[in-house]
Amino acid sequence: MLNDLLHLVTTHTNDIVVALEEHILLSLAAILIAAVIAVPLAISLMNHRRAGEVVLQIAGVIQTIPSLAVLGVLIPFVGIGTIPAIIALVLYAIMPIFQNTYAGLTEIDDNLLEAAEAFGFSRRFKLFKIQLPLAMPMILSGLRIAMVMIIGTATLAALIGGGGLGSFIMIGIQTNDNAQLLLGAILSALLALVFSWLIKLIGRLSLKKMGILVAVFFVLLGGYFGGKAFMQPKGQITVAGKLGGEPEILINMYKDLIEADNPRLDVQLKPDFGGTTFIYKAVKSGDVDIYPEFTGTVLQNLIKGKTVSHQPKKAYQDAKEALDKQANLAYLPPMRYQNTYALAVRQSDAKKYNLKTTSDLAKMSPQLTAGFDHDFYELKDSYPGIKKAYQLQFKDVKSMSSSLRYKALANGQIDVTDAYTTDPQLKADKLVTLVDDKNYFPPFQGAPLVRKDILTKYPSVKKSLLRLKDKVTNQDMIDMNYQVTVEHKSADKVARQYLEKHDLLK
Amino acid sequence: MIVFENVIKTYQNKQVVNKINLTIASGEFFVLVGPSGSGKTTILKMINRLAQQTSGKILIDNQDVAQVNTTSLRQNIGYVLQNIALFPNLTISQNAGLLLEANGVKRSERQQLVQELLDKVGLPYEQYGSRMPSELSGGEQQRVGIVRALVTKPEIILMDEPFSALDPLSRKQLQDLILSLYQEFKPTIVFVTHDMQEALRLGTKIGVLVNGDLQQVDEPQVIINHPANQIVSSLFNNQKITLIDDLIRTGLKETITENISFDVPHLTSTQTIQELATALYDYDYVIVDQHYIINQRQLLMYISKH
């Protein structure tokens, strides 16, 4: 585990630095904005107790809304990426900062306030010389609570393309890669500690210096985000991919192909850009121009009122027509490989019993023990369905956690399990998937989903993307996934290697 | 000069101050004395408008305080609180100079004024200036409280039971301190206490307040010797004490003629004969009000006559 982690750190140093930078900027921007809202709010309400209590209640209610729901609600208004992430984080951070500042200001000893009153201090003098300094320990602890919370919650930004350390965690969860998961978690924890400590240090400064510091941060952050927005050149295409290694390989191929055909086009990549719903919304809103999507996913999740055909060609046609009609998006022809469910066995068994298809397996099934992921074991369209379709009659069937099932198969504890057809783990554990010869599972073929305006504006893009039509076999995809997620090679190198090997670049 | 004209204060339908008419002359050390709940703090706080009278007028140098804005009114009136209320986030010298800072006095000037006064009240600036209030004893803290009120050289200083939370020794020391500061700066002091002895010791004039009524306003000697009514006399019943002032008035003293430095106790004429006797137990003579010399023989002569 430790070795995996070290390997990950050495091979992905750049990614880590970028993610850290994103995470820090996101968190800093959020805490500064939250503080600039919450502290003055508490100051203005400290003499209006009833209003103060009301705001406290409202802030508390906002806090109880799950962060994912907040993000979902925000996307139609502010789009996808950094801005909704910051807004959501700010909403969360307001409560602890406001609560502590308000408590700090309202719990000051009445005698001290009477003294300040009796000395005829102006409101300003009283505030900056007496009240704020006396409330400062409370304010700072509020900021620290908010900071720790923000850094933790900011990991969710990865889901909506906000980037940050959450990318590692999400990929870790999705690909069952504990090293990535740990890396993301450890770095966020460290970051929380460092920031908590920094806030403590800042607390020792005078109010004036604190003010200057906040102003400087604001200018720097404003400059950074403003500059970033300004620097985006015209005539740029944004290609995004969902979380994970496979989409990242694909979008790197897209980039290489598009730029090779039209050197004047600049392709901006956004890897690990959240989950299906977010990325689909981003394409519809124009934040993203192209992303690779599976035919099965289009029919199951994105399109209303379509049953999924189990004929790959029909499935693609259905998906294409529906996208065209319902969302005015173009869906170019798919690649060859299928990333769908399948049953897997050991390579040695496949050879020994000459197993190629699931029907072959059915004949052997009385002699074999199967172990399936809990969901696969129970869901109607998974094991119960395929059992009926192929007349499978295993000697024994176990339900086990998905992380254990490959190892159990490799170690011989079970003989059959469920798998994704391009899972690099298959290669790592020397397993093979069996062909779904009765097309029981819906087809999941990767194909580029493109905004139509891009195709009219840059006709070369279509030509470039069509080069991948019917290319990339399951084995190719497994090999590439293996290189990226297990060997931790960078996705752009793996993608380029494939394109060069198959002469797809001119 | 502070003038109360028919001042009434009712609080929750109860009259806590009953139609007070009172004139406090400039330069007076006026002590308002009475049992707790008699309304004396309320009267004090009406001067700088921390409390608002229900009816009547309060004038400072013929100016109705209700017409002056509270900020400028309060900035010209020193205030010393019973619970001291030094600001715990500020050092001793910051606390002491806070009112100067609020008035926009420059740092160097502030520091000079603060240093001068801290040295004067027995808290050397070098040693105490950068400490925090919590590091000081109650008595030391209240010295800072006094410096804080004095530092802007206000013409009026209001003191609300400033020494009642202190131990007897510190109380005595601070009484001495406030007397000597009073002698030096001659402000008008309005001092509230429930301690009759303290009132007699400090006041050049004493107002006796019971249940919101001003019973008598007179010099300490008059209050003791000629109480206006039964209430006053019962209050001061156990306080049959005589002040050195009385001895001086009978002519039993010598005036200092030469400028000699005397290594003997310095007393004030408002201290009691008992205190004089204590001092003369160890010394042949003492100096009073930096002007008179009184020796043991003169004390004995005074006692034998009274």
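Helix axes are taken here as lines fitted to C-alpha atoms over the stretch in contact, with angles running from 0 to 180 degrees between N-to-C directions. In this predicted model, the axes of α7(A) and α9(A) come within 9 Å and cross at roughly 160 degrees. Angles over 145 degrees count as roughly antiparallel, and α7(A) and α9(A) are therefore roughly antiparallel to each other. Their crossing is right-handed. On the α7(A) side the contact is made by A:L140, A:L143, A:R144, A:M147, A:V148 and A:I151. On the α9(A) side the residues are A:S188, A:L191, A:A192, A:F195, A:S196, A:I199 and A:K200. By class, this contact of α7(A) with α9(A) has 9 nonpolar, 2 polar and 2 charged residues.

Helix α7(A) also packs against α2(A), in contact through residues of both helices. The axes of α2(A) and α7(A) come within 10 Å and cross at roughly 145 degrees, and this crossing, too, is right-handed. From α2(A), the contact involves A:H23, A:S27, A:A30, A:I31, A:A35, A:V39 and A:I43. From α7(A), it involves A:L127, A:L132, A:I139, A:L143, A:A146, A:M147, A:I150 and A:I151. The contact of α2(A) with α7(A) has 13 nonpolar and 2 polar residues, and no charged residues.

A:L143 is listed in the contact of α7(A) with α9(A) and in that of α2(A) with α7(A). Leaving aside neighbours within four places in sequence, A:L143 is in contact with A:I31, A:A35, A:I97 and A:I199. The largest nonpolar core has 67 residues, and A:L143 is, with A:I97 and A:F98, among those with the most contacts inside it. Two or more residues of this core come from each of α1 (2–11), α2 (13–45), α4 (67–78), α5 (82–106), α7 (123–153), α8 (166–174), α9 (178–202) and α10 (207–231) of chain A. Helix α2(A) gives the largest share, 16 residues. A second, separate core has 47 residues, including B:V105, B:L150, B:F163 and B:V232. In soluble globular proteins, nonpolar side chains tend to be buried together.

Elsewhere in chain A, A:A491 lies in helix α24 (residues 491–501). With a relative accessibility of 5%, A:A491 counts as buried, because the cut-off for buried is under 20% relative accessible area. Apart from neighbours within four places in sequence, A:A491 is in contact with A:E248, A:I249, A:N252 and A:V484. The C-alpha atoms of A:A491 and A:L250 are 8.6 Å apart in space, although the two residues are 241 apart in sequence.

The secondary structure of chain B consists of 14 helices and 14 strands. Chain B has 306 residues, of which 51% count as buried. Among its contacts between residues at least 6 apart in sequence, 66% join residues at least 24 apart.

A:N439 is found in the loop between β9 (431–433) and β10 (446–451) of chain A, whereas B:K19 is placed in strand β2 (residues 14–24) of chain B. A:N439 is partly exposed, with a relative accessible area of 30%. B:K19 is exposed, with a relative accessible area of 53%.

Definitions and conventions: Residues numbered from 1 in each chain as written. Chains lettered and ligands numbered in written order. Predicted model: local features only at pLDDT ≥ 70, side-chain atom pairs only at ≥ 80, totals over all residues. Heavy atoms only, no water. Core = buried A, V, L, I, M, F, W, Y, C linked by side-chain atoms within 4.5 Å. Buried < 20%, exposed > 50% of the residue type's maximum accessible area, 1.4 Å probe, protein only. Helix = DSSP H or I, 4+ residues; strand = E, 2+ residues; numbered from the N terminus. Contact = heavy atoms within 4.5 Å. Parallel < 35°, antiparallel > 145°, perpendicular 65-115°, else oblique. Left-handed = near helix turned anticlockwise from the far one by under 90°. Nonpolar A, V, L, I, M, F, W, Y, C, P; charged D, E, K, R; others polar.
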